[in-house]
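Here is a friendly walk through a two-chain model, in questions and answers.

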Amino acid sequence: MSKKDNRVFSNNLNLLKLCFKASPKYTVLSIVEAIRNEVVVFLEFTFGLNYVLECAEYGRPFKDAAIFLVGLLAFVMAGLWFNAYLYQKLEMKAKPKIKQALKEMLYMKAKEIDLECYDNPEFYNDYVLAVSEAENQVDRLFGMLSSLFTGLTSIVLSGAFFIGNDPISFGFIFVAFVASLIVGKAVNSLNFKIRNEKNPHERKLNYVNRVFYLNDYAKEVRLNTEVSKELLKDFDKVNDDILAIDKKNAKKRFWLQYLQSYICNHFIIYVVYMIYLVYSAAVLHRISYSNVAVMLTTANRMKNRMRQFSDVYPKMQEISLYVDKIHKFLAITPKIVSEGNRPIPEHPTELELRNVSFAYNEKDGYILKNVSMKINPYSKIAIVGYNGAGKTTLIKLIMRLYDPNEGEILLNGINIKEYDVAEYRRKIGTVFQDFKIFAATVKENVLLDFEDAGEDKKVLQAIEKSGFADRLHSLENGLRANLTTEFEDDGVNLSGGEGQKLAVARVFYKDANMIILDEPSSALDPIAEYHLNHSMLTAAENKSVIFISHRLSTTRIADKIYMLENGQIIEEGSHEELFTMAGKYAQMWKVQAGQYI
Amino acid sequence: MKENKKNKKSKARVFANNSYAVKTVWEISKKRVIHTALYSIVGYVEWIFMSVFFLRYVIHAIETGASFEKALFFIGICFVVFSLFAMYGSYMNSVLIPYTNTKIYRELYKRLFAKARNVELRCFEDADFYNKYTMALDGAADKMTKSVTFFFDVIFGVVAAAVAFSSMFFIDPYSVLFVISPIIGNFVFGGLMNKIWGGRYTDNVKNNRRAEYVNRVMHLAEYAKEIRFSNIHDLMMNRYNESVKGNQAVADKYAKKAIVYTWAQNVTTFALVFEGIMIYAAYRTIISQTMGLAELAIMFTAMSTSSWILIGMFNDITEALKNGEFLEYFRTFMEYKEKISENQDGIIPDTKVHSIEFRDVSFEYKENEPVINHLSFKIEGDKVCALVGHNGAGKSTIIKLLFRLYDPTSGEILVNGINIKEYNLKAYRKLFSAAFQDYKVMAMSVKYNVLMGEEFENPEETAEHALQCSGVWEKIQSLPKGMDTIMTKEFDNEGALLSGGEQQKIVVARAFAKKASVKVFDEPSSALDPIAEYELYKGIMDESKGHITLFISHRLSSVKDADMVFMLENGTIIEEGTHKELMSKNGQYCEMFTKQAQNYLADESFGKGEISHE
């Protein structure tokens, strides 16, 4: 056995072990059911039919046949009860549990890995695939197990039957099996080739579909009446291309299909084997003619089961492929780990960036170059700059979502790597630019934790400060109101501005030393922004604050402003200092403020 | 009783829907329908022949001592016939089906697209309607053709079952009675089981939605940061756990009944029939000796074939019922009567817009929740007008009403003094160009994204100029293929991935490029930095000659130079005039402007803790 095969088996075995651990009863009984079912089929169609025919042919008393058949009926009925119990109860309960066991493993890992992994599309696609396919793999595994044991049982039982009756029959079955295996392989590889050829075209079709059915494009399509013409032209062309691929392969496909469906199946069993049977019965008188029917159906069934059995290994390979992906994902070691376990200072302390450089991907160049800054405790720092200057990346480094390629970040004079990551982050309150409202209650959304993790009073205070209070009062269930319509049809959907206020409440609630805000007021109208800025400052009196904003009116109140350009700090100082410097900041300020004066 | 009636009605509807599918496919490809029918017949003929007549003839031949040659001759003929059948099947599967699939797909989706473009925007925003529509789109061609297959399989299945039964009848009239058992099994217990499946599905909808949501939170990049900064991960795991528990509870709820029905269904369709007929046949052969061995063997296979045909038919009907639901959505969508048809004909408007007037316009998305409230205003001449106001004041809705993406609930909108409903809609919309807040770029070239398929005398220059106006020309020039660069990596690995701000600028360029009499900019700077924003508004002002300009902005500084400012609140205009006029009025606009400006002015008291909540 090659190393590759070994891996296939061990991967399948591992998944099976996981299933067994989550639900041993279901795992074992589903195998029992596969065997039971095949035994019944054999007892009815081969052994039973043969027995009754023999009773008739050799004139045995009817009682014998009747007792046998009634016994068989009782056995089948009992078996069907087992079948119903297995599929209507046990499976219904076991499958969600097994899938949960698998997914929990993946989810726990997802929490642990570095954010960097999400930036790598290749990795990310693999992960998404592993997660989305995890459930299907469990179903596949049980399907595979069923085929395996059905096939084995059939081969053993039918095999015994033919050895007892007519071993030559084996030859026919074997030839049919091998032939269909070979042709089947050719068919599969042709289909695979066609699928691959069609793939890029189908992607394009899906795109056109999307443009027409997504709400996002609906307005554009209506207002720009000509735009759909081009899309439809593309649509036509792609369809022609797909048709051309089918036409090109039609002939080969036709003959392969004919070989597969007729010659390898029907022809060998119903023509060649049948002639052999008739010859054996009518000319050689080697087998009784009532036996002909039994042997024909048994041979046909055995051939089909062998075919099914031969599919087991490819199925295992397929499962193994996904298990590999899951393994690969689980094997990721996060780079951002706590290198020490120093206690986080209770109160805000100095944060320093020393010659920090960073690139998401060295190939694409550095986003931050040699950045140094010192943030005094309790100070209010603003970071400003053009789109793409590296502002958001900078705060991601401070949050330790990434580690710098060069240079270091120090908290209280100690490299932030020396602190426990989770503890370090717990002391930072933040609102991301792309903040998310979760499908949970208002309170849970503020806590980002279970309801009992915090007091209502404190949550209400935070909500009051963030300006969400008015909206809260309009909610029937107050803090317990369910947000989003994901779970509850009567859940509340917040507008962008309202959502942002709620997200800001999270920061007010959190007992953090430092608050980091990335464009917190972008979705707000002017008055709401004004209120938010005010309350932000009061709430942050005894905290350090770093904020990014395009609106210089927001940033001017900072103790110190850093102006970024192309990943470097080009100017720093208070608003007044920068203003008198008459550099880029002053220019930007004038552009914005000039219009108000 | 009532439910029964409803049930009957819905069954009739399902049948109607399936015939609708056959009709639709027939319109597109007659060949496909005819061959599907033929293929179904061939399939059943082969099945019944092989399991009933073939074996019967051969065994009979041996039993009665006919010559081996005769049997061989018969097998030979069968070989020729079925070989031809198989060739036909192969032709069907590798030539006819793939070819017609593409044809059907193309035609069907073109119809869907045309319809999607023709229904009013409201349908897209109505979650219920939209869900049904996306369901109609999802695999429509596949489901349509499947419907045709089910249709014929059920029809010919009935015939095939009749043939199989009658062949049994000729062997033994009483044996046909055994058919009652699988019929009861499938239709009574099978029907009951279907109800249980339906109940389980409905009860689990919520649980599954939960699990799917948690799954999304766990793997989408946009949630990853939040997970690292909070305990939300555990909360979500807890939700997932609840959903699994919910699944288990549903399983328990139906377990008893489901086990009994499934068991009864299987016993009546399989066990009673097979074992029953064997006992009966054994009795006839051994005791009353009224049946030959060949007949006994045949009867057994014929019986099992009949049962399988019945099972197959039952499954087909179940599938057809499921498919019928999809067809219902498809049909509802296709037969939906547009309230604002995109193809609506009418007066061809003058290409020059002299005036726009809203006359006591009210509008509501949902009943009794008015978004626009008795709104009246008039714009005359090529002016620059700004709409300002709080979030949710109804600014974007006014734009949608003006474009006739919606019709007002009451009141009327006049362009050049004529109600806009009177105009030919396509021609009317050509009067406008727009940059929407929720900008979307298409996976096509930059140039195409700007020109959007419109005809221009000098397309290159027009696009270049427009990109310059929106401030992204330099960036586009720096791309290897310039304006011919394909946007997004969707199809082209060399496609350009531009930042949000750059994408927005490209979308805004559309409005600059299109020769329109009214240009609308809905928050065109939401993703831009201050300098870019400033330049963009400068561009809008510079280009404002010769047409009406309408823009929406939060940032009041950009509004100052507008000829006319409309301040909105709760869906109606509360103040209007020039910036100067409004400032001297000392009203809401003035307050809003002052608050924004405050920070830019040298107000020393600000930010030193003197905070009040008005």
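Q: What domains does the domain assignment of chain B give?
A: A note on conventions comes before the answer: this is a predicted model, in which local features need pLDDT of at least 70 and side-chain atom pairs count only at pLDDT 80 or more, while totals for chains, interfaces and linings use all residues. Residues are numbered from 1 along each chain as its sequence is written, and chains are lettered from A and ligands numbered from 1 in the order in which they are written. The bounds come from an automatic or database domain assignment. For chain B they are domain 1 (17–171), domain 2 (173–290), domain 3 (346–431 + 518–572) and domain 4 (439–515).

Q: What distance separates the centres of domain 1 and domain 2 of chain A?
A: Chain A is divided into domain 1 (3–330) and domain 2 (351–593). Taken over C-alpha atoms, the centres of these domains of chain A are separated by 53 Å.

Q: Which helix gives the largest share of the side of chain B that touches chain A?
A: Residues are in contact if their C-beta atoms, placed from the backbone, lie within 7 Å, and the contact takes 128 residues from chain B and 124 residues from chain A. Helices are DSSP runs of H or I with at least four residues, strands are runs of E with at least two, and both are numbered from the N terminus. With 25 residues, the largest share on the chain B side comes from helix H9 (residues 232–287) of chain B.

Q: How many nonpolar, polar and charged residues has the side of chain B that touches chain A?
A: Ala, Val, Leu, Ile, Met, Phe, Trp, Tyr, Cys and Pro count as nonpolar, Asp, Glu, Lys and Arg as charged, and the others, Gly among them, as polar. By these classes, that side of chain B has 75 nonpolar, 30 polar and 23 charged residues.

Q: Which term describes how H2(B) is oriented to H10(B)?
A: Axes are lines fitted to C-alpha atoms, for helices over the stretch in contact, and angles run from 0 to 180 degrees between N-to-C directions. Helix H2 (residues 30–63) and helix H10 (residues 293–334) of chain B have axes that come within 10 Å and cross at roughly 175°. Angles under 35 degrees count as roughly parallel, over 145 as roughly antiparallel, 65 to 115 as roughly perpendicular and the rest as oblique. H2(B) is therefore roughly antiparallel to H10(B).

Q: Is Ser23(A) buried or exposed?
A: Ser23(A) is found in the loop between helix H1 (3–22) and helix H2 (24–57) of chain A. A residue is buried if 20 or more other C-beta atoms, placed from the backbone, lie within 10 Å of its own, exposed if 12 or fewer, and partly exposed in between. Because Ser23(A) has 20 other C-beta atoms within 10 Å, Ser23(A) is buried.

Q: Is Asn586(B) buried or exposed?
A: Asn586(B) has a positive phi of about 60° although it is not a glycine. Since 10 other C-beta atoms lie within 10 Å, Asn586(B) is exposed.

Notes. Two residues are in contact if their C-beta atoms, placed from the backbone, lie within 7 Å.
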